[in-house]
Amino acid sequence: MCDDSIKIAAKPILKKVIPENEPDDDTCATFIIQDEDHTLGNALTHVLSVQPGVEMYGYVMPHPSEREIHVNVQTKKDFSANDTFRKAVTDLRDIASVILERFDEAVEKMPCETNTNLDEMYDNLRDILMDAHIKPS
């Protein structure tokens, strides 16, 4: 089993696992992400679903008491699972940046009063996000 890990402090946060029976096959891999749950897993698999060359994708949380997700990626012959996963993470980061930017714009448009109407804030944010037509690059 191949193990490529990124470590922060002493704990790996991302671990790549490839099947033992296919060590040279770059089209199939499982990425284990520590300290994450369904929030990231669902968003990441959505972005994987629109990546070129993806044949199969999905994620699981092995156990509810463990805060880690296993993201599975299988690509077509001419695509790398590693490159596809990296592109999906980059696209998701870009989407999150746009959402945060739009949220900041909505907050700036809010009146600076002590009795701020939260419903109005959420309506403004929703309108800005709808206008942005946020899509993966």
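Predicted model: local features only at pLDDT ≥ 70, side-chain atom pairs only at ≥ 80, totals over all residues.
By class, the α1–α2 contact has 10 nonpolar residues, 1 polar and 1 charged.

Now show the two helices whole. Helix α1 covers residues 38-48 and helix α2 covers residues 81-109; their axes come within 9 Å and cross at roughly 110°. That angle makes α1 roughly perpendicular to α2. The crossing is right-handed.

Next, turn to the salt bridges, which number 5. Select Asp-37 and Arg-67, whose closest N and O atoms are 3.2 Å apart. Asp-37 sits in the loop between β3 and α1, and Arg-67 in the loop between β4 (54-60) and β5 (68-75), so the bridge links parts of the chain 30 residues apart. Asp-37 is partly exposed at 23% relative accessible area, and Arg-67 is also partly exposed, at 44%.

Move to Asp-26 and Lys-16, where a salt bridge spans 3.9 Å from N to O. Asp-26 lies in the loop between β2 (11-17) and β3 (28-34), while Lys-16 belongs to strand β2, 10 residues away. Lys-16 counts as buried because its relative accessible area is 12%, under the 20% cut-off. Asp-26, at 35%, is partly exposed.

Finish at Glu-101 and Arg-102, a salt bridge with closest N and O atoms 3.4 Å apart. Arg-102 is partly exposed at 22% relative accessibility, as is Glu-101 at 44%.

Conventions. Residues numbered from 1 in each chain as written. Heavy atoms only, no water. Axes fitted to C-alpha atoms, helices over the stretch in contact; angles between N-to-C directions. Helix = DSSP H or I, 4+ residues; strand = E, 2+ residues; numbered from the N terminus. Parallel < 35°, antiparallel > 145°, perpendicular 65-115°, else oblique. Left-handed = near helix turned anticlockwise from the far one by under 90°. Nonpolar A, V, L, I, M, F, W, Y, C, P; charged D, E, K, R; others polar. Salt bridge = Lys/Arg side-chain N within 4 Å of Asp/Glu carboxyl O. Buried < 20%, exposed > 50% of the residue type's maximum accessible area, 1.4 Å probe, protein only.
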